[in-house]
Amino acid sequence: MKHKTLTQYLVEQQREHKSVSADVRLLIETVSRACKAISTTVHKGALGGVLGSLGTENVQGEIQKKLDVLSNEILLEANEWGGSLAAMASEEMETIHPIPNEYPKGQNLLLFDPLDGSSNIDVNVSIGTIFSILQVPADAAGRDVTEADFLQPGTRQVAAGYAVYGPQTMLVLTVGAGVMGFTLDSEMGSWLLTHENIRIPEQTAEFAINMSNMRHWEAPVKRYIDECLQGESGPLGKNYNMRWIASMVADVHRILNRGGIFMYPRDSRPSGHKGKLRLMYEANPMSFLVEQAGGRAIDGTKRILDIQPQAVHERTGVILGSRAEVERVQAYHQAVTPA
Ligand code: P6P
């Protein structure tokens, strides 16, 4: 069977559907090439001398793995010279990374978590790269962009996607015209369209949450998980399964393909932030994909894509996946927190 390549899909989206501009098309292709390089590096594992930690901490206060820093460098080097970007932001960098003056600047902003799921790297469990593309605000014309120019709600994303480095390496992408899955043909080096118009089943019987945090959950989350655990004799009337890979990319990929609900809720602890996951380069791109696939994505009470960011590394609660389940959890939150 002949599969459409990523390039052909993007050219057709640009030419026939006008859903992607020429410079965003080029930017996505550059990011996808960087993800191929990351995939090659990740899959070398111990043979490539890339496992283990550097003993340094990133801006999140998390121990940096060698592959975190390597993946970040691959994305920076791949995207600096192309002329599509004004600046980049990364989970691994404290401040934004403006395009160096020796290169032409473009009208887009690229945000990424270069290698999500770091705790899984050294134990050979799927990890991934998450990216989000915004446009430079009109009022930034004629000046260097600042961090404030990145602080746009997720509804402003022009494209978003992830690469998952698992049994297959896949790129899952939306330009606002549905969700497409491309499988890497590593012999040819091509991303081939294998999953066209991915849709999340509206119903599910599978939840993903880190149960060890149960004592810190707010009441609506406790209520929902308790009802799942009651199974068919409980109010939800069916037995639920549980999965938790601790790689958001892998958990979301499963949910996009077979349904489910992913929950990393905000904490009831005062110090518990608004959640663990980062809004701009984890929650927003994943929420864009999930909504484009017919699912829902909320922080507990409100739509994640509507959140007005206050900082690039801001965190948020994340509850996303099958529409019916997410709407149920939202109703439980709204019952205790009037909108
Ligand atoms: P925990 C990985 O570090 C990550 O940012 C997400 O990919 C994942 O969903 C979550 O954290 C796992 O967190 O607390 O279960 O280790």
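Modeller: Ile209, Asn210, Asn213, Trp217, Met263, Tyr264, Pro265 and Asp267 line the largest cavity. On a 1 Å grid over the protein atoms alone, a cavity is a set of points where a 1.4 Å probe fits but cannot get out, and lining residues have an atom within 4 Å of a point. This is a predicted model, where local features need pLDDT of at least 70 and side-chain atom pairs count only at 80 or more, while totals for chains, interfaces and linings use all residues. Residues are numbered from 1 along each chain as its sequence is written, and side-chain values use heavy atoms, with hydrogens and water left out.

The cavity's volume is about 40 Å³, a volume being the space filled by probe spheres set on grid points joined across faces, edges and corners. One cavity of 30 Å³ or more is counted. Its lining splits into five nonpolar, two polar and one charged; Ala, Val, Leu, Ile, Met, Phe, Trp, Tyr, Cys and Pro are nonpolar, Asp, Glu, Lys and Arg charged, and the others, Gly among them, polar.

Asn210 and Tyr264 from that lining turn up again at the ligand, where they are among the closest of 13 surrounding residues, along with Asp116, Trp244 and Met248 (a heavy atom within 4 Å counts as near). For polar contacts, meaning pairs of N or O atoms within 3.5 Å, ligand oxygen atoms lie 2.6 Å from a side-chain N or O of Asp116, 2.8 Å from a polar side-chain atom of Asn210 and 2.6 Å from one of Tyr264. The protein covers 85% of the 400 Å² of accessible area that the ligand has on its own (Shrake-Rupley, 1.4 Å probe).

By class, the ligand's shell has six nonpolar, three polar and four charged residues. Strand 13 (261-264) and strand 14 (277-278) each supply at least two of the shell's residues; strands are DSSP E runs of at least two residues, and helices are H or I runs of at least four.

The ligand sits in the largest pocket, with more than half of its atoms within 2 Å of the grid points. A pocket is an open set with protein on both sides within 12 Å along at least five of seven lines. This one holds about 360 Å³ of space. Gly117, Ser118, Ser119, Ala246 and Lys276 are the closest to its centre among 22 lining residues. Strand 5 gives the most to that lining, with three residues.

Technical notes
Polar contact = N/O pair within 3.5 Å; in protein donor to acceptor, adjacent residues only side chain to side chain.
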